[in-house]
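Dear colleague,

Please find below the structure for your review.

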Amino acid sequence: MKRRKFIKTASLTSVGLTLGSTLVNCDEINTKTAVLQNKEAIANLKALPLVVATWHVKEATAKAMEVLQAGGNALDAVEQGCRLEEANEKNQTVGKGGLPDRDGNVTLDACIMDKHGNCGSVVYLQNITHAVSVARKVMEDTPHVMLAGEGAKQFAISKGFQPEDLLTEASKKAWEKWKIEAKYKPIINIENHDTIGMLAIDKNGDIAGACTSSGLAYKIGGRVGDSPIIGSGLFVDNEIGGCVATGLGEEVVKTVGSFLVVELMRQGKTPQQACEEAIGRIVTKPNSNYKNFQVGYIAVNKQGEIGSYSIHQWFSMTKFQDKKNEQIQSDYYNKT
């Protein structure tokens, strides 16, 4: 063999051996990485299922967890958890017994979203207690996302929901007392405490969310806040995570808050970091009067990590995980 040809052959053989060795090493690294990721996934599954909700609603999270532990999925869980509060007449911010608008009408807003990104919503719904279930019917039984007012009511009746008077005696008395002066100013953590938003991750790691509200007390008739607006009051991306909002809905809508939180998680932020940045978008807007209203977010990611943040103190969330149902006070922005 000529010297030049021998050197060329030897060089190619060396490259082949080196490449082969590199490929083997890459395969080993990839295998080890996959094993570690699988172990991490298994470890995370030990923390599932998981339920979180805005404010102090231990009965609602307990109901949702009951559904999950019985083999139900995340969508069933959030619906049933929210329904419990809608039927709770002592809760004057959701469902039956909700405080009315300034004309004395109880009007409900709700939405729901599943693991596939399907969603349903109802706005300005009257005389039907379980708005969240009507929203689910809109999602599953119509080609639409949102129904409003009388159309939403008639659709609900066609699906078997029974109409009833939602204005309880307690809420009526509160409204009549308000009419004496008829002044409207949102009170932080009281009139703004107008929503139950709930997120759940089932044993399969799938995420769903729901949000339901009777809106701000004594609002102008026809007012709709963030609660039924997909991307504002609620957003779920099963690849990334989910978020729900509470507080002054107008401010959440202006920043498409829940979508923003999920998108920030997509970019690599933790749920806590994402909630904090979303609140930052509100308070740093030019001429923001954030000291006069409350907004709070809760979020979960695909790994089961959670976050919550609000403008002012005393916003809280309820978390049910690892057999522990607990209320957690949120960190907040305005510490002055």
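The notes below cover a sheet, its helices, the nonpolar cores and some backbone features.

Please bear in mind throughout that this is a predicted model.

**The sheet**

Five strands form an open sheet in the order S7-S8-S9-S10-S13, and the pairing within this sheet is mixed. S7 and strand S13 (331-332) stand at its edges, each with a single partner strand, so one side of each is left without a neighbour in the sheet.

Strand S7 covers residues 234-237. Leu-234 and Val-236 point one way from this strand, whereas Phe-235 and Asp-237 point the other way. All four of these residues, Asp-237 included, are buried.

S7 runs antiparallel to strand S8 (residues 241-247), and four bridges join the two.

H8 lies across S7, S8 and S9, and its direction makes an angle of about 145° with S8. Helix H9 (residues 271-283) lies across S9, S10 and S13, running at about 20° to S10.

H9 contains 13 residues and reaches 19 Å from its first C-alpha to its last, which is close to the 18 Å expected at 1.5 Å a residue. Its buried residues are Pro-271, Ala-274, Cys-275, Ala-278, Ile-279, Gly-280, Ile-282 and Val-283. Among the elements that cover these buried residues are H7, H8, S9 and S10.

**Nonpolar cores**

The largest nonpolar core has 43 residues, of which Leu-234, Val-261, Val-295, Tyr-297 and Ile-311 touch the most other members. H9 supplies the largest share of this core, with six residues. There is also a second, separate core of 39 residues, which includes Ala-64, Leu-68, Ala-74 and Ala-210. In soluble globular proteins, nonpolar side chains tend to be buried together.

**Backbone features**

For context, most residues other than glycine have a negative phi, and most peptide bonds are trans.

- The peptide bond from Leu-48 to Pro-49 is cis, with omega near 5°. Pro-49 is placed in the loop between helix H1 (3-45) and strand S1 (50-54).
- Val-256 has a positive phi, near 45°, although this residue is not glycine. Val-256 sits in the loop between helix H7 (249-254) and helix H8 (257-266). Its relative accessibility is 38%, so Val-256 counts as partly exposed.
- Lys-323 likewise has a positive phi, in this case near 65°. This lysine belongs to the loop between strand S11 (316-321) and strand S12 (324-329). With a relative accessibility of 80%, Lys-323 counts as exposed, because the cut-off for that class is over 50%.

Yours sincerely

Technical notes. Residues are numbered from 1 along each chain as its sequence is written. This is a predicted model: local features need pLDDT of at least 70, side-chain atom pairs count only at pLDDT 80 or more; totals for chains, interfaces and linings use all residues. Side-chain values use heavy atoms; hydrogens and water are left out. Buried means under 20% relative accessible area, exposed over 50%, partly exposed in between (1.4 Å probe, protein chains only). Two strands pair if DSSP finds at least two bridges between them. Contact means heavy atoms within 4.5 Å. Axes are lines fitted to C-alpha atoms, for helices over the stretch in contact, and angles run from 0 to 180 degrees between N-to-C directions. A nonpolar core is a set of buried Ala, Val, Leu, Ile, Met, Phe, Trp, Tyr and Cys residues joined through side-chain atoms within 4.5 Å. The expected span of a helix is 1.5 Å times one less than its number of residues.
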